[in-house]
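Here is my note on the model, in numbered points.

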Amino acid sequence: MTDKLYLSWEDFHAHCRSLAELIRQSGKKYTRILAVSRGGLLPAGILAYELDIRDCEAVNMSGYDAGGRRRDDGAVELRADKAADEHTLVIDDISDSGRTFKLLRQIYPQACFASVYVKAAGESAVDLFAQKLPDRWLVFPWDVD
């Protein structure tokens with residue numbers, strides 16, 4: 001996975017709106033969003049406006065070190081003291097390996113898990129997603145120098 005795939009703000013926003021449409025089409029009514037911090041914060045904000053959901057909180061979880069690299073020991077820092085039910089959307093920007101969503105599904109088994117993007121290894125970990133991506137390094141618009 002050496003080459004990078006760059007996303008523009010316009011693409012990201014359009015993909016978030018596509019995810020909102022899939023959520024509407026599901027026919028389920030969601031009243032709460034739990035954003036996986038930090039990647040899920042921006043799509044959660046867009047979805048909150050698109051779906052008119054005002055109850056939004058963050059779940060703090062990270063498998064990366066201070067330098068932005070995946071931790072060698074596989075450890076995950078998790079602070080998930082929020083409640084969730086079948087009317088809760090758990091949102092992240094991407095389901096890459098699916099690891100984050102698999103861990104959170106153990107804590108929030110009734111919630112709906114959605115991401116803007118998935119890669120093949122992470123697709124089975126989410127209920128809804130907007131775009132399937134190849135196994136390339138994804139550069140989000142907020143990561144561009």
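**Notes on a loop lysine and the salt bridges**

1. Lys 82 is partly exposed, at a relative accessible area of 24% (buried means under 20%, exposed over 50%, partly exposed in between; 1.4 Å probe, protein chains only). This is a predicted model: local features need pLDDT of at least 70, side-chain atom pairs count only at pLDDT 80 or more, and totals for chains, interfaces and linings use all residues. Residues are numbered from 1 along each chain as its sequence is written, and side-chain values use heavy atoms, with hydrogens and water left out.

2. The loop between strand E4 (77-79) and strand E5 (88-95) holds Lys 82 (helices, H or I, at least four residues, and strands, E, at least two, are DSSP runs numbered from the N terminus). Leaving aside residues up to four places away in sequence, Lys 82 touches Arg 32, Leu 34, Glu 57, Ala 58, Val 59 and Tyr 108 (contact means heavy atoms within 4.5 Å).

3. Arg 32, one of those contacts, is buried at 13% relative accessibility. Its side chain meets that of Glu 57 in a salt bridge of 2.3 Å, N to O (a side-chain nitrogen of Lys or Arg within 4 Å of a carboxyl oxygen of Asp or Glu). This pair links strand E2 to strand E3, 25 residues apart. Arg 32 also forms a salt bridge with Asp 55, with the closest N and O atoms 3.4 Å apart.

4. Glu 50 and Arg 17 form a salt bridge at 3.1 Å. Glu 50 lies in helix H2 (residues 41-50) and Arg 17 in helix H1 (residues 9-25), so the pair ties together parts 33 residues apart in sequence. A network of salt bridges links Arg 17, Glu 21, Arg 24 and Glu 50.
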